[in-house]
Amino acid sequence: MKLIPTRFLAGAAILALVASACSSTAASPTPAPAATPAPAVTPAPAVATPTPTPKAVTIEWWHITTGEPGKSIFQGIADAYVAAHPNVKINITVLENEAFKTKLATTMQSGTSPDLFQSWGGGIMQAQADAGMLQDITAAVAPWADTVNKGAMSIYGLTDKSGVFHQYGVPWDMGMIGVWYNKALFTKAGISAPPATWDDFLADVSKLKAAGIVPLAIAGKDMWPSMHLWTYLLLRIGGGDALRTMISSGNWNTDACTAAGDQVVKLNALNPYQPGYKSATYDNEAAAVGNAQAAMEVMGQWAPGTEANDATNKKGIGADLGWFPFPTVAGGKGAATDGVGGGNGIAVGKNAPPEAIDFLKFFSSVYNATKLNASSPATALSPVIGTESAVTDANLQLVLAGRGKATFMQLYLDQATSPAMGTAINEATVALFEGASTPAKVCAAITTAAAAQ
Amino acid sequence: MSATSATGARPRVGFRVPTKWVTISLFLLPALALYLLFVLVPVIQAAHYSLYKWNGLQPLDNFVGLRNYATALGSDTFRTAVSNNFLIIVLSLTLQIPFSLSLAVLLNRRFRGRTVFRVIFFLPYVLSEAITGVVFSLLLRPGALIDSGFSSLGLGGLIQDWLGDPGFVMITLFVIISWKYFGFHMILLLAGLQGIPREIEEAALIDGAGRWQAFRHITLPLLGPTLRVSVFLSMIGALQLFDMIWVMTKGGPLGASNTMAIAMFKAGFTNQQMGYGSALAVILFLFALVLALAYQRFVLQRDVEGAVTAFNG
């Protein structure tokens, strides 16, 4: 045993966390970037100067896009804005994901916030808004809000108790979770087309199993990947309104919730997961698909990049990789076009100058947002309308099409709710996938956690 | 000393005492300031926060009294964490330390290659806990080195889901913790053994004592102080267990390998329940404090005469 004074423990813990975070691509929804920045497609828009006699302004911007080409693209957009507005200075602080979260939390505890900073919306945004750290930009962005995908915009705002919606930030990346699959392994198992219904999905799992192929990879240690599968079942069975009601009321003891769990039990019975799934990390899961050791994973738009990164050959399965939307469940109330998704955005701090919001408008122009989509692989799936065609990857085009058709978009459950609630949902659902819980117990556990909020 | 003689001595005393105290406090001040700022103040702050429901961002105004403590003591997760800490303490004392002791006795003999063995056994202690965790996570993956090792020895039937089985994960972790720390205790005990004059044991042997008798009645009692320190370090280390488990399992599967420190970290930093996390920190602090004071008072007293517990010398 080692003797560490208690006071160092938290520090050591953070170091360990950073160390473990460094070794994994984990939950960061930003696709792995490559080295080539893409050429500009359309000419730069003329930037209007806001006031005739401008006073000097500094914008503090914290972001977590540490990889290239994203980092350079962000810097380039800021430089272009500053060049057109000599009175504005943009101070960029690039932070690693975990370091960013810690630094932002301690800064906000001391009562200040950066003018612009990385955000994922949801429960953390709620806590920041409750603490008065965010600026309501609803009116400021109103003139151009409809140039951005509506579902994506809605994630970076909150509805208050009287039902009024407040915009606190804007998205620059928005994707949708679906099923990534290995076409070659599907063919080998005699499956001609991706399943459209959950019954077909289960039948295909059996076929893959019979052909000696691991049908599905999940990650018991990181918990959240299987939670997304469960969320989709809940969404397909209960529908978007029912799901939204469960989140807002905190009552998860519903028929839809237990029915979703019943389907997981059915899936478990086929023994579809990779060996060691209970202690697998998300990187282990991605490696299983990237090495063609498992046929499918339920994952977001960043999956191809992570699979390639984690694969032994550093390339993944290339052209064998395909994507299909999560199948529908017979008799379910949800539409096939309902989705679970999320991405990245920029939130606006309480004391941000008007120039910061003007910069967000500039950042969200088709000209600038296209740069994010056009890089290879894409830095983001920009939600700015008119940038879709810049995405070259066929699978990402499918994700974009799914996002475009979405009739309902639920932010990842573990981000939509408070962090404690997110942990409770992850822990409850992973127990079900590991055969250590029952559908009713899952719903009861989440309800109990909601009551403790 | 009477008042009159004190008055009589005033010029000298009045001159000497302040100088002495000024010097002492000047030397103490930097250390004291740092200790107050980074140890005592945070401990008091944590105790204060633990009485609130607080997410770290909002103002500290939701006073809940001892409710966080009640929640902790009533939570299955936290009770598992506490029992895991004590499981590691018990296993360390009953298995790891005796093992280290027997190795120390063995390596205290003169034989060829003794230093090489000492270095090899001590090596794991040099690795950081995070690195050890990452390495063993890789070795313990299904079908990886450890599994294939078992298979090639014809022991394939003994293969477990080492880190994925809630019923087995603590055993796996204990073996790895022991692997990392047995060398440290071995070196400690070896140093203790070398402080025992050989003549005493030789005298006993000449007087007709058997080897076991000599070990039991001569070596072991003389090794007492070292052994007691070794046990103490082992217990405190087991209470603070965090890094390696966090890297290997994050307290999983299904909470089966949570420890108090992991529960505290999860509550505070993952779940942003700073109030509840502080309550867990205070509970961990109390466990460590009570254990340390009791051990010093009842076990280490003769070794550390005059320190912490014995105020009257």
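Me: What share of the 313 residues in chain B is buried?
Reply: Buried residues make up 42% of the 313 in chain B. Buried means under 20% relative accessible area, exposed over 50%, and partly exposed in between, with a 1.4 Å probe and protein chains only.

Me: Where do these values come from?
Reply: This is a predicted model, so local features need pLDDT of at least 70 and side-chain atom pairs count only at pLDDT 80 or more, while totals for chains, interfaces and linings use all residues. Residues are numbered from 1 along each chain as its sequence is written, chains are lettered from A and ligands numbered from 1 in the order written, and side-chain values use heavy atoms, with hydrogens and water left out.

Me: OK. How many helices and strands in chain B?
Reply: Chain B has 13 helices and zero strands. Helices (H or I, at least four residues) and strands (E, at least two) are DSSP runs, numbered from the N terminus.

Me: How much area do they bury between them?
Reply: Chain B and chain A bury about 3500 Å², 64% of it on carbon and sulfur atoms. Buried area is the accessible area (1.4 Å probe) that two parts lose on being put together, summed over both.

Me: How many polar contacts cross it?
Reply: Seven residue pairs are in polar contact across the interface, both residues at pLDDT 80 or more. A polar contact is a pair of N or O atoms within 3.5 Å; within protein, one must be able to donate a hydrogen and the other to accept it, and residues adjacent in sequence count only if both atoms are side-chain atoms.

Me: How many salt bridges cross between the chains?
Reply: One. A salt bridge is a side-chain nitrogen of Lys or Arg within 4 Å of a carboxyl oxygen of Asp or Glu. K250(B) pairs with D222(A), and the closest N and O atoms are 2.9 Å apart. The pair runs from the loop between α11 and α12 of chain B to the loop between β8 (214-216) and α9 (224-238) of chain A.

Me: How many salt bridges over all chains?
Reply: Five. One of them joins R198(B) and E202(B), at 3.8 Å, N to O. Both lie in helix α9 (residues 198-206) of chain B, four residues apart, about one turn of the helix. R198(B) is exposed at 54%, and E202(B) is partly exposed at 40%.

Me: What does R211(B) pair with?
Reply: R211(B) meets E201(B) in a salt bridge, at 3.9 Å, N to O. R211(B) lies in helix α10 of chain B and E201(B) in helix α9, so the pair ties together parts 10 residues apart in sequence. R211(B) is exposed, with a relative accessible area of 54%.
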